[in-house]
Amino acid sequence: MLSEHYTLAAAIGFLLTILSFLMVSKSQQKIVYHRLSSWTSFISPQRPTSSSVTPPRSVSPDKKAPVNAPPPADYKDIFPPWRRESLSIARGDKCLDAGSEIPESLVSERLIPFTADYRICKSPASTYTPMGISLAEVASLGDFTDYAELSGVPLPEPYQDFRIETALPRPYRPLRWGYHQTMSLNRLQTDWWLELEKSYAERIKERKELFVKNGSMVLDYLPGSELGCKEVMEMALQFLCARYPQYFSLSNSEDQGYVFHNGILHNQTIVRDMHPLHVLLENVPEDFAVMIRNPDDGYYYFRAGLLCSSL
């Protein structure tokens, strides 16, 4: 019985000590903890005290790459798919050398410089685009060439029943069917590349106001992007004319060149009188970013764009 009393008294004393320690201030707790640590180190001096400082992850600021790391990717000699066999069809002739094979080594040596304007480049017959087409062949294609044949992407089917007054945007339902994480990347339905809706006129007006207010923040282009801007503009106008023939059309005359007729806005755009991105600003309520391949490293860089949605 006596031992049980001693055990109970010791337990009560321990609890009172813990409560007293918790009731004191933080500064007093630090003093008590420091004294207990000193007493413990005196009893067992061979036990080192722990440090609360976390050591750095790496002593050396220059961390070396693992020995088994893969070498950096080299895209300088990697080109997009070539379609030289489509040149003669796109030009509407039967030129025998239009689809002739050109060695990639030759194209790699004679690529158009990154910041060069294709219209004033020297030696156009021996200067090539990354698609393996010479600048002389680009010039022979002319304006508004058959991009469907060159790219392999057909023009859209005419949407004869479309009415701009009642058109609504197609609903976006990413979770309607079985969901698979795809980073929002989906296969393009070519008939729906450029969609129009009943707010078309208001959106065009709003985007033009954004350009007047923000200037190069929404529309700008750098040297070397001339050919890319021309191509995307011509492809967009061809698409609108093929998809919505009741509203859009292209005409060509000797005095004005190509003229884009907009039946919704009831105006006309003389294509050669303005930069291709301004043609898009006047007629297409979509954003465009032009990426150009740099022959020095094979990477693609953002060189021109019409981006109003970022504001």
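In helix H8, Cys229, Lys230, Val232, Met233, Ala236, Leu237 and Leu240 meet Pro276, Leu277, Val279, Leu280 and Asn283 of helix H9. Contact here means heavy atoms within 4.5 Å. By class, this meeting of H8 with H9 involves ten nonpolar residues, one polar and one charged. Ala, Val, Leu, Ile, Met, Phe, Trp, Tyr, Cys and Pro count as nonpolar; Asp, Glu, Lys and Arg count as charged; the others, Gly among them, are polar.

This is a predicted model: local features need pLDDT of at least 70, side-chain atom pairs count only at pLDDT 80 or more, and totals for chains, interfaces and linings use all residues. Residues are numbered from 1 along each chain as its sequence is written, and side-chain values use heavy atoms, with hydrogens and water left out.

H8 (residues 226–243) and H9 (residues 276–283) pack at about 30 degrees, their axes 8 Å apart. H8 is therefore roughly parallel to H9 (angles under 35 degrees count as such). Axes are lines fitted to C-alpha atoms, for helices over the stretch in contact, and angles run from 0 to 180 degrees between N-to-C directions. Helices (H or I, at least four residues) and strands (E, at least two) are DSSP runs, numbered from the N terminus.

Now the sheet. H8 lies across E5 and E6, running at about 140 degrees to E5. Three strands form this open, antiparallel sheet, in the order E1-E6-E5. Its edge strands are E1 (219–221) and E5 (288–293). E5 and E6 (residues 300–306) pair over six bridges; pairing takes at least two bridges found by DSSP. Alanine 289 stands opposite glycine 305 in E6.

Note on methods:
Parallel < 35°, antiparallel > 145°, perpendicular 65-115°, else oblique.
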